[in-house]
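Q: Please take a close look at one part of this model and describe how it is built. A connected account that also sets this part in its surroundings would be welcome.

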Amino acid sequence: MFEARLVQSVILKKVLEAIKDLLTEATFECSDCGIQLQAMDNAHVSLVSLNLRSDGFDKYRCDRNLSMGMSVPCMSKILRCASSEDTVTLRAWDNPDTIVFVFESPNRDKISEYEMKLINLDQEHLGIPETLYSCVVKMPSQEFARICRDLSQFGDAMTIACSKEGIKFSAAGDYGTANVKLAQTAETENQEEAVVVEMKEPVKLTFSCRYLNSFVKATPLCAQVQLSMSAEVPLVCEYQIGEIGHIRYYLAPKIDDEEEN
Amino acid sequence: MFEARLVQSVILKKVLEAIKDLLTEATFECSDCGIQLQAMDNAHVSLVSLNLRSDGFDKYRCDRNLSMGMSVPCMSKILRCASSEDTVTLRAWDNPDTIVFVFESPNRDKISEYEMKLINLDQEHLGIPETLYSCVVKMPSQEFARICRDLSQFGDAMTIACSKEGIKFSAAGDYGTANVKLAQTAETENQEEAVVVEMKEPVKLTFSCRYLNSFVKATPLCAQVQLSMSAEVPLVCEYQIGEIGHIRYYLAPKIDDEEEN
Amino acid sequence: MFEARLVQSVILKKVLEAIKDLLTEATFECSDCGIQLQAMDNAHVSLVSLNLRSDGFDKYRCDRNLSMGMSVPCMSKILRCASSEDTVTLRAWDNPDTIVFVFESPNRDKISEYEMKLINLDQEHLGIPETLYSCVVKMPSQEFARICRDLSQFGDAMTIACSKEGIKFSAAGDYGTANVKLAQTAETENQEEAVVVEMKEPVKLTFSCRYLNSFVKATPLCAQVQLSMSAEVPLVCEYQIGEIGHIRYYLAPKIDDEEEN
């Protein structure tokens with residue numbers, strides 16, 4: 001039997017919002033350690049990696065390892081039926097055809113059960129090598145979302161350049177160029193609003209705006225986002241999910257002569 | 001001469017929102033008793049019955065009985081021109097071609113008059129037999145609206161089952177099933193949020209989600225909705241309209257072998 | 001060198017919203033006196049005249065007169081990238097191909113530069129004769145916007161009639177007529193909400209609703225709008241822009257026998 005209970009169903013709602021732009025189907029791997037998901041987006045360009053630790057749930061039981069293929073739009077529909085103050089419980093048997101989502105109102109006067117058919121999916125497990133990154137930037141997630149949205153108006157690709165002074169985002173298109181510079185925060189009085197750059201060596205990489213704009217759908221999960229970058233290595237864009245886990249997005253930089261200037 | 005004045009024009013705005021999904025044209029019957037409307041929806045599946053008592057108006061005069069055919073989208077357009085704090089007066093002569101809507105701002109500095117052409121409509125008066133229902137449920141109207149919206153994601157039809165324990169809504173579709181159970185409220189400390197079931201015998205009936213979703217457009221009129229059900233008899237879905245009257249929607253249950261389980 | 005700095009970038013954002021319905025391209029004339037724009041709308045029916053005085057800017061320098069042709073949708077995109085608390089600086093060289101918009105956050109931690117290509121535009125300078133108007137009405141800009149929106153539901157054209165008692169707006173269409181009367185405010189305790197009519201002789205003129213609905217996009221710029229009218233002369237619809245300047249829209253009345261009644 002598999003059972004995982006989360007008093008704050010809103011966390012799971014936000015997780016679905018954070019993946020549904022990129023994935024239509026996904027395999028959730030459930031084990032004693034928790035729930036994991038790792039999948040390439042539909043176009044096989046970026047990689048999503050989600051980790052929800054068992055100890056982060058209010059109740060967690062997993063007698064046998066399970067791989068459950070789920071339709072992401074369908075999960076998203078079901079989770080939209082939960083009120084934000086509801087408790088959510090996921091429940092499945094050992095060889096499941098279906099998974100049940102149970103939502104309970106705080107006073108338990110309303111109990112909703114949604115039973116969803118599972119789907120068979122090919123599993124592909126990608127090893128993600130541990131990397132030491134040249135630059136690791138922490139910044140307010142809303143600021144990052146805003147910059148991705150603003151600059152994507154000016155071009156399909158966005159260059160992120162990181163140096164001691166701070167981080168620079170730029171884009172160029174038919175009718176002009178755009179440059180946004182964020183200075184490193186001098187003192188971190190308010191940690192959530194700080195911009196902090198840990199740098200071994202400067203990097204300058206170009207990424208597709210479209211994918212970045214999908215990643216920032218995770219913004220409601222966390223006040224800060226962490227960007228890890230090295231030359232010729234995929235960017236990691238990471239959001240903490242409360243005390244439960246994290247979601248990471250990986251995206252390879254564009255290799256293009258034009259970005260050299 | 002016909003004249004009916006309502007200090008809270010917002011009530012009439014909400015009444016129009018409550019009928020405009022179902023009706024494009026409607027005959028408003030005005031008499032000494034008040035204003036009544038009874039009409040089948042455009043597809044002749046459900047029935048809308050509206051009753052606004054003359055004593056609920058701030059001023060009411062009706063010298064002769066009038067049957068005024070009106071375009072519902074046009075009335076709705078006119079009422080959207082009223083500010084929510086405006087007073088509304090309906091005015092017509094004894095053999096009217098038109099009806100006038102007058103909106104007055106609280107300080108009377110702004111007076112708007114909208115004169116709308118009446119239309120000739122065939123009148124059909126349906127006798128609605130008084131029925132003793134097996135189950136009468138009172139519940140928060142927003143909760144009912146939410147359940148109709150949520151379950152209609154999962155199927156075209158929704159089953160309502162009523163027993164001593166409470167009320168259960170369910171739907172089934174291609175990718176799973178949905179069940180929402182509401183327990184009867186133990187003590188009715190807050191009457192507006194109570195779920196109360198008066199039951200002679202249990203019922204289990206299936207209805208088209210599409211029509212239920214039109215009925216719940218009346219939700220802003222009243223904090224509670226009353227559902228009256230008996231086997232093989234149309235559901236009555238009733239909303240009180242302040243101290244003035246009520247709106248009732250009638251919908252026959254689906255007769256379908258599949259709902260038996 | 002040209003440089004103009006405005007601590008409240010939100011003013012420039014609102015100016016763009018006020019012109020982008022009517023203009024796709026526009027020539028901004030910059031001189032020692034300030035920035036001016038005068039242009040017919042795309043359909044060559046109405047005229048927009050914008051004036052931002054140099055002394056209204058927080059910093060202003062213009063070494064040489066400049067005529068800069070700009071794409072209005074592009075400017076609008078750029079200004080949407082400014083946060084409302086940002087400072088904006090416009091900067092250009094003496095024979096510019098481009099203009100730079102610099103946005104600075106209050107603590108200067110975020111600096112965004114958008115460089116936009118200029119375009120060559122034919123310049124047409126229309127002399128607008130000084131006119132003494134029969135009626136000059138001042139009224140709340142939101143009320144005017146609301147009336148334009150409401151009445152445009154009832155017809156393509158709207159008649160404005162002005163007399164000692166106040167101002168009357170009317171429209172007629174297939175399914176009825178609409179009349180909105182505003183009384184002149186007795187005492188102007190609250191100047192922003194006052195309706196004030198200065199009248200030499202009554203006027204009654206008819207205008208295209210479509211253009212009026214474009215003009216009222218300037219509503220966020222000012223709590224009051226001023227309408228100046230004379231028979232057979234274009235209406236002037238004027239909004240003050242803080243302490244910096246104003247925007248005026250000109251629209252010729254419709255000449256139509258039907259409006260005589």
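A: In chain A, strand β1 (residues 2-6) is joined to β5(A) by antiparallel pairing over four bridges (strands are DSSP runs of E with at least two residues, helices runs of H or I with at least four, both numbered from the N terminus; strands pair if DSSP finds at least two bridges between them). The model is predicted: local features need pLDDT of at least 70 and side-chain atom pairs pLDDT 80 or more, while totals for chains, interfaces and linings use all residues. Residues are numbered from 1 along each chain, chains are lettered from A and ligands numbered from 1 in the order written, and side-chain values use heavy atoms, without hydrogens and water.

Within this pairing, A:Phe2 has A:Cys62 of β5(A) as its bridge partner. Strand β5(A), residues 59-62, shows two faces: A:Tyr60 and A:Cys62 lie on the covered one, and A:Lys59 and A:Arg61 on the uncovered one. In a regular strand, side chains alternate between the two faces of the sheet.

The strands β1 and β5 of chain C belong to an open, antiparallel sheet of nine strands, whose order is β15(A)-β11(A)-β12(A)-β13(A)-β9(C)-β8(C)-β7(C)-β1(C)-β5(C). The edges are taken by β15 (203-208) of chain A and β5 (59-62) of chain C; each has a single partner strand, so one side of each has no neighbour in the sheet. From one strand to the next, the twist averages 15 degrees. On the chain A side, strand β12 (residues 166-173) and strand β13 (residues 176-183) are paired in the antiparallel sense over eight bridges. There, A:Lys168 faces A:Lys181 of β13(A).

In chain A, helix α1 (residues 9-19) packs against helix α2 (residues 72-80) at an angle of about 150 degrees, with the axes 10 Å apart (axes are lines fitted to C-alpha atoms over the stretch in contact, and angles run from 0 to 180 degrees between N-to-C directions). A:Leu12, A:Lys13, A:Leu16, A:Glu17 and A:Ile19 of α1(A) meet A:Val72, A:Met75, A:Ser76, A:Leu79 and A:Arg80 of α2(A), contact meaning heavy atoms within 4.5 Å. Of the residues in this contact, six are nonpolar, one is polar and three are charged (Ala, Val, Leu, Ile, Met, Phe, Trp, Tyr, Cys and Pro count as nonpolar, Asp, Glu, Lys and Arg as charged, and the others as polar). In chain B, the axes of α1(B) and α2(B) come within 10 Å and cross at roughly 145 degrees.

Chain B also holds helix α3 (residues 141-151), in which eight of the eleven residues are buried, among them B:Phe144, B:Ile147 and B:Leu151 (buried means under 20% relative accessible area with a 1.4 Å probe and protein chains only, exposed over 50%, partly exposed in between). In chain C, C:Ser46 lies in strand β4 (residues 46-53) and counts as buried because its relative accessibility is 0%. Leaving aside residues up to four places away in sequence, its contacts include C:Leu22, C:Met40, C:Tyr211 and C:Phe215.

Finally, the chains can be compared by least-squares superposition on C-alpha atoms of residues with pLDDT of at least 70 in both copies. Chain A can be laid on chain C by a turn of 120 degrees and a shift of 0.1 Å along the axis, with an RMSD of 0.1 Å.
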